[in-house]
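User: Hey, can you walk me through this model? I'd like the overall picture, then a few residues in detail.

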Amino acid sequence: MTFDISLLEPKEVSINLKLLKLFRFFHLFDPKTRKICNINVYHLVWYIINSVLSCIVIYGLLGYFTEMEDVIDIVFHIQLMFCCLIYSLSLIKIIVFLYKANNIWDLLSVTCIHFLTSTRCQTYIGILHNHRKKSIKMTNITCGLVFINAIEWSMYPLVLKLLQKEDANQSNRRLENIFNLRFPVTINNYNNNYVTFYIMESSIIMFLLYIYVVIDVFFISICYVMIAHYEIIKRAYENINSTLNSKNNNGNINDFNVNDCFDDLVSITMDQQKHFAKLKLFYSTYKFIILSTVIINSGSIIILTYASVVIFTSSESIPILSVIKLISAFGYMLIVLFFLCYLIERINNKMESVHFGMYSCNWTSMNIRSKKMLLLSMQLNNTANELKIKITPRKIVNLQFFSSVIITCYNVLSAMFNTRYK
């Protein structure tokens, strides 16, 4: 099945088509996009953007390797470490996306409403429509959260600058910036050219905004499609030899058909294998991104937890805007990690539920040929159940892993409070 974005309407696909079109997502992968020297023009633009921003970040970190006039406290060190982590994750995401562009374009075909073609699966197409609504709602919320965080971080230094009564040059300190990168320049030079450094850091946050919106939105959309398809396949197997009087997701059973249902089993199994091939493609494309997100977000949450303790137990006054900025970042990282673990676990559970759907069907009324076909489908589904994203050979990405991150944060809080108040 080919995917031609120019021929599709929003209701024909189970992704947030309007949002992805707004961010020109499809131009990164469409084979028809204009090319220069056999390179997609949008890929070329991103190569240039990545190179420029990497130079800015490297330049902004050189201050750690040179002697500087001012001394920064631990909170700024932690904030800078957090910013480096999320920038690294964004860079990983866009590099993987550009490298796997052909896979992404091939994966888009699974989002078509009529990807599952068997009659039995199409009977329960209402399930996909329901998940499509949830997907669009969640992607819009994700987009809103990213924009709120980006605006907070961008406006924070400007608001703080307006509220400051003393001259930064006289107090021998640098003006606050978005990420407070340690550019290797004097305090006077930095403050006099503050606008230039602010624009440089603003370009980084615009880059982060685009990457986090587009790639997370696509991930959420595909996960909801996978979940819906497995639910449809399960329902199709459950009622393989039943007559349905409606074509919605709650099809009522009128009577049982004890005749040969071999053809229906073959068509459902073909849909199942076609879907499984797309799931393998999705995992092979997104595996490195998922593992990087899980590791970096977990590390960021723990780092921000540590920073929160330092802030609230410090004798020095910390600007309330700085606290709000860190809390918003902490909240977003927590939500993203939870939702990633939740969606991956839902896919795993729905994959296993297909097996129960096969057992739930009225298999005793089938003839020998249909029973053999059902047994073959069970064996194929057993192979599919082994496909899971693992952090270690024994630990998979699921809500249990998310719980372990929360427990680690609690242990950090407990240990730090016990140490500070002894």
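User: Among contacts between residues at least 6 apart in sequence, what share joins residues at least 24 apart?
Analyst: That share is 78% for this protein chain. Keep in mind that we're looking at a predicted model.

User: And the secondary structure, how many helices and strands?
Analyst: There are twelve helices and four strands.

User: How much of the chain is buried?
Analyst: Of the 422 residues, 52% count as buried. As for the surface, the chain exposes about 20,300 Å², and carbon and sulfur atoms supply 62% of that.

User: Let's go inside. Which residues touch the most other members of the largest nonpolar core?
Analyst: Phe25, Phe219 and Phe282 do, in a core of 127 residues. Helix α8, residues 194–238, brings the largest share of this core, with 31 residues.

User: What does Phe219 touch, leaving out residues up to four places away in sequence?
Analyst: With those left out, Phe219 is in contact with Phe282, Tyr286, Ile290, Leu340, Leu343 and Ile344.

User: OK, switching to charges. How many salt bridges does the structure hold?
Analyst: Six. One of them pairs the side chains of Asp216 and Lys93, at 3.0 Å from N to O. That pair links distant parts of the chain, with Asp216 in helix α8 and Lys93 in helix α3 (residues 74–99), 123 residues apart.

User: Are Asp216 and Lys93 buried or exposed?
Analyst: Asp216 is buried, and Lys93 is buried as well.

User: What does Lys278 form a salt bridge with?
Analyst: Its partner is Asp106, and the closest N and O atoms are 2.8 Å apart. This is another link between distant parts of the chain: Lys278 belongs to helix α9 and Asp106 to helix α4 (residues 101–107), 172 residues apart.

User: New topic, cysteines. How many disulfides are there?
Analyst: The count comes to zero. For background, a disulfide is a covalent bond between the sulfur atoms of two cysteines.

User: Is Cys83 buried or exposed? And Cys112, buried or exposed?
Analyst: Cys83 counts as buried, at 6% relative accessibility. Cys112 is buried too, with a relative accessible area of 10%.

User: Now Asn177. Where does it lie?
Analyst: Asn177 lies in the loop between α6 (125–163) and α7 (187–192). Even so, Asn177 is buried, because its relative accessibility is 0%.

User: What is packed against Asn177, skipping residues up to four places away?
Analyst: Asn177 touches Tyr156, Pro157, Tyr190, Tyr194, Phe197, Tyr198, Glu201 and Lys325. With Tyr190 there is also a polar contact of 2.9 Å between the side chains.

User: Last one, Thr269. Which helix is it in?
Analyst: Thr269 is in helix α9, residues 262–313. Thr269 is buried, given a relative accessible area of 4%.

User: And which residues does Thr269 touch, again skipping those up to four places away?
Analyst: Tyr237, Met373, Ser377 and Leu380. The side chains of Thr269 and Tyr237 are also joined by a polar contact of 3.1 Å.

Methods. Residues are numbered from 1 along each chain as its sequence is written. This is a predicted model: local features need pLDDT of at least 70, side-chain atom pairs count only at pLDDT 80 or more; totals for chains, interfaces and linings use all residues. Side-chain values use heavy atoms; hydrogens and water are left out. A nonpolar core is a set of buried Ala, Val, Leu, Ile, Met, Phe, Trp, Tyr and Cys residues joined through side-chain atoms within 4.5 Å. Buried means under 20% relative accessible area, exposed over 50%, partly exposed in between (1.4 Å probe, protein chains only). Helices (H or I, at least four residues) and strands (E, at least two) are DSSP runs, numbered from the N terminus. Contact means heavy atoms within 4.5 Å. Accessible areas come from the Shrake-Rupley method with a 1.4 Å probe; for residues, only the protein chains shown count as cover. A salt bridge is a side-chain nitrogen of Lys or Arg within 4 Å of a carboxyl oxygen of Asp or Glu. A disulfide is a pair of cysteine sulfur atoms within 2.5 Å. A polar contact is a pair of N or O atoms within 3.5 Å; within protein, one must be able to donate a hydrogen and the other to accept it, and residues adjacent in sequence count only if both atoms are side-chain atoms.
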